[in-house]
Amino acid sequence: MKKSRWGILGTAGIARKQLIPSLQSSDMCEVVAVASRDIEKAKQFAQDTHIAHYYGSYEALLEDPSIDIIYIPLPNHLHVEYIKKAVSYGKHVLCEKPIALSVADVEELIALRNSSGLMIGEAYAMYYQPRLQEIKKLLTSGSIGEPLVGHGVFFLTNNDKDNIRNAYTVGGGALWDIGVYPIAVGRWLFGAEPVEVSCEIENDKDFNVDHFTSGLLKFPSGGRLSFSCGMKHPSHTHMSFSTQTHRIEIEKTYHSDYPHSQFFEIFTGDYPSKGKKVSFDPVDQYRLECEAFHNSIFNNEPFAGSLENSLSQTKTIVALFKAASSKKVERV
Ligand SMILES: NC(=O)c1ccc[n+]([C@@H]2O[C@H](COP(=O)([O-])OP(=O)(O)OC[C@H]3O[C@@H](n4cnc5c(N)ncnc54)[C@H](OP(=O)(O)O)[C@@H]3O)[C@@H](O)[C@H]2O)c1
């Protein structure tokens, strides 16, 4: 099988820590080049990560005819601009979350994908966790009832003034960076789109970005998902879902590489509740995501981070910001 050839825009932390090692461990994909705005930085990064080619501008990499797929881990405000450029060079694109900061931008990307015939996907690797896929099956089979209530948190500590998450001008803030995860998983596991949202935001005085945000999403069934995210808090991720008869608890929900946390717990709803632990082998969700993206291009298979999913996700986030500002319940 011919491996897909990937090029990376920027010397991002997520590329170094996750995507590059994952791509390099795959039998289906290979990383052939990296680009930086600074050629010396590109050279050093390529050396450190064992990538054969490097470029001193993003455009130079896009011009490389040997590359099939561009991975974009740039700051959020540059995602749409560089997806459009990459597509204009005939490349498929896997872009980091959040793929866009407005609904109109996602609609434009859908039109671009449809007219170009190229794949554009949003990187949400947790959709490829066997653990979450098993929970999805349980919740859609009807065997434990339908989700009534979900709750999700994503907290971390980030006081770095130079970090892109602390800069409003590049699309920073807790909701766009980490709040997106419980919302994406919640929408997926509810199997529906929210109709109404409310939200409360606390902005950081120094950085002018939201640093503590909580919201409530209401689904057509009447089911509700609440979430909180923050960047001034002890690091913690967790989700729980309750149906008419059961409760599911998911530790370190968005990661699949902690050997001690690849399980979920399922409890009956009665009292005293009976519980059991369902365990999974750790997997590299980033490798599975990249291989699924490869398969969506070359084998016409569905990709979980589709632009249709991005459109619903972005509508929800934009409605949450609107609700925080109006202090009212807003329609999605
Ligand atoms: N899926 C996940 O698990 C996950 C995890 C973390 C982050 N992310 C996403 O990945 C993206 C990158 O996050 P990160 O933390 O890895 O970022 P980062 O380490 O700060 O890297 C961003 C890169 O973008 C380039 N860049 C271009 N214009 C820039 C500007 N004006 N300011 C700063 N950097 C600029 C820089 O590369 P050059 O200087 O070399 O050009 C920089 O190395 C974000 O969209 C984030 O939401 C996803």
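This short talk walks through the domains, the ligand shell and the nonpolar core of one structure.

Please keep in mind that this is a predicted model, in which local features need pLDDT of at least 70 and side-chain atom pairs count only at pLDDT 80 or more, while totals for chains, interfaces and linings use all residues. Residues are numbered from 1 along each chain as its sequence is written.

Let me begin with the domains. The chain is divided into domain 1 (4–123) and domain 2 (129–286 + 314–331), with bounds that come from an automatic or database domain assignment. The C-alpha centres of domain 1 and domain 2 lie 27 Å apart, and the contact between them takes 14 residues from domain 1 and 11 residues from domain 2, where contact means C-beta atoms, placed from the backbone, within 7 Å.

Now to the ligand. It is surrounded by 21 residues, of which Gly 10, Thr 11, Ala 12, Gly 13 and Ser 36 are the closest; a residue is near if its C-beta atom, placed from the backbone, lies within 6 Å. Domain 1 and domain 2 each contribute at least three residues to the shell around the ligand.

Finally, the largest nonpolar core has 95 residues, and among those touching the most other members are Ile 70, Val 93 and Leu 320. Such a core is a set of buried Ala, Val, Leu, Ile, Met, Phe, Trp, Tyr and Cys residues joined through C-beta atoms within 7 Å, and buried means that 20 or more other C-beta atoms, placed from the backbone, lie within 10 Å of a residue's own. This core, too, draws at least three residues from each of domain 1 and domain 2.

Methods:
Buried ≥ 20, exposed ≤ 12 C-beta atoms within 10 Å, placed from the backbone. Contact = placed C-beta atoms within 7 Å.
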